[in-house]
Amino acid sequence: MKILVLGGGVAGVSTAWYLAKTGHEVTVIERNASVADEASFGNAGMLSYGYTNPWAAPGIPLKAVKWMMQDLAPILVSSSAFNLRTAAWFYQMLGQCTEAAYSLNKRRMLRISEYSRLCLNQLTADLQLDFDHRNQGTIELFRSQEKMDSIAPDLRSLEECGVEHEVISHADCIQHEPALANVSEKFIGGLRFPMDATGDCKKFTEALARHCAEAGVVFELNTDILSLETSGHKITGVHTSKGLFTADNYVVCLGSYSPLLVNALGFKLPVYPIKGYSLTLPILDEAKAPQSTVMDEDYKVAVTRFDDRIRVGGTAEIADFDLTLQEKRRKPAEFVVNDLFPGAGDLANATFWCGLRPMTPDSVPVIGETPINNLFMNTGHGTLGWTMSQGSARLVADLINQQAPEIDNEGLSIYRYIK
């Protein structure tokens, strides 16, 4: 079967891999000169299988208002974002801020994340991939007892979903992350997810793309996707800057840009671009650097260890499709890494980056079939595209192959948004 994968980020390349391994003729169409040059390029580097939470949660609207009044706010709103698309998406998200919706969405997300962990473990056992991979867990760090006492609902949810976790003391935090001893007065304790991991998503995607090419996958790079050609309830081709491409099946892996392509087909894909920022610092002092990921719960900033670098990810800016790199947005990332790991990295030579996270109102990605018979989705992963990449890709491949997926795919497709 001939299959076109639209998008060459980690979702698209991973989808191409699983389809090629099951015998299909796969072509990936990507507008950039290489794979993983957009949202997959500079994300926080967390493989947060356990630290998986919906944005929409009880109390979030009030918290968001308070955050936006803070100097180091984790959520910011740009004036460029004020339009009907933004308003409609926020209205849908507010509808998900209930206890029942939060619990349902978290279970769905954890189902994908845990499956993705198993898939990545199998993949790394099968292939030699160099991507600064570490399996040393995530610590959600609390700066106050009040914050630590507030996690009881999340603990119940984690227990219900069977996610391995442990509430750890101040001393335990230092045992797992020795450099925190240098700032022991800054925190109270933490919540640890021992099965979480880290890795450079860009390096991973490039390495996997090389294996894809060896398996026969064709990469059409520097190719703009313009529109879909349809006939009845089928896609008959993709118009691009290099002409028309045709296939038997098509998979949309275009992240935040997916709605711009598919919304003309008669259904609306509620994926909104949330701009995220990151800093990447060369390591100056190994003893002062983190060993894995520390998530500062107060500022919603993650500090993640690569082999010879530190990646600091945080700040969600609601700015529609504006990709302007705002220098003032460095402040939260710079503050947290300097506050928790002073002297660890070279801030003077840090690389500053931003990209668009494709968020759905319920934070659950859109994976699987659509009302168009030969069109499939693998998009809308928000901040967890790297975490969920392998499980999502494997699920899409199974559906295209008409095989029973290894996990329940209930509530994951576009149909949950189609009335």
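Visitor: Which residues of helix 6 (residues 152–160) are buried?

Guide: In helix 6, Leu155, Ser157 and Leu158 are buried. Buried means under 20% relative accessible area, exposed over 50% and partly exposed in between, with a 1.4 Å probe and protein chains only. Helices (H or I, at least four residues) and strands (E, at least two) are DSSP runs, numbered from the N terminus. This is a predicted model, in which local features need pLDDT of at least 70 and side-chain atom pairs count only at pLDDT 80 or more, while totals for chains, interfaces and linings use all residues. Residues are numbered from 1 along each chain as its sequence is written, and side-chain values use heavy atoms, with hydrogens and water left out.

Visitor: What do the buried residues of helix 6 pack against?

Guide: They pack against helix 4 (99–126), strand 6 (166–168) and strand 7 (189–193). Contact means heavy atoms within 4.5 Å. After helix 6 comes Gly162, whose phi is positive, near 70°.

Visitor: How many aromatic pairs are there?

Guide: Rings of Phe, Tyr and Trp (its six-membered ring) pair if their centres lie within 6.5 Å; planes under 30 degrees apart count as stacked, over 60 as edge-to-face and the rest as tilted. By this rule the count is nine aromatic pairs. The rings of Tyr51 and Phe193 have centres 6.0 Å apart and planes at 70°, so this pair is edge-to-face. The pair links distant parts of the chain, 142 residues apart: Tyr51 is in the loop between strand 3 (46–47) and helix 2 (60–67), and Phe193 is in strand 7. Tyr51 is buried at a relative accessible area of 12%, and Phe193 is buried at 3%.

Visitor: How are the rings of Phe204 and Trp386 arranged?

Guide: Their centres are 4.9 Å apart and their planes at 50°, so the pair is tilted. Phe204 in helix 8 (residues 201–214) and Trp386 in helix 11 (residues 385–400) are 182 residues apart, and the pair links distant parts of the chain. Phe204 is buried at 0% relative accessibility, and Trp386 is buried at 4%. Elsewhere, ring pairs link Trp89, Phe90 and Tyr272 into a cluster.

Visitor: How many residues of strand 20 (residues 375–379) are buried?

Guide: Five of the five are buried, so strand 20 is largely enclosed by the rest of the structure. Leu375, Met377 and Thr379 point one way, and Phe376 and Asn378 the other way.

Visitor: Which strands pair with strand 20, and in what sense?

Guide: Two strands pair if DSSP finds at least two bridges between them. Strand 13 (residues 249–252) pairs with strand 20 in the parallel sense over three bridges, and Tyr250 has Leu375 as its bridge partner. Strand 19 (residues 366–369) pairs with strand 20 in the antiparallel sense over four bridges, with Phe376 the bridge partner of Glu369. A hairpin through five residues joins strand 19 to strand 20.
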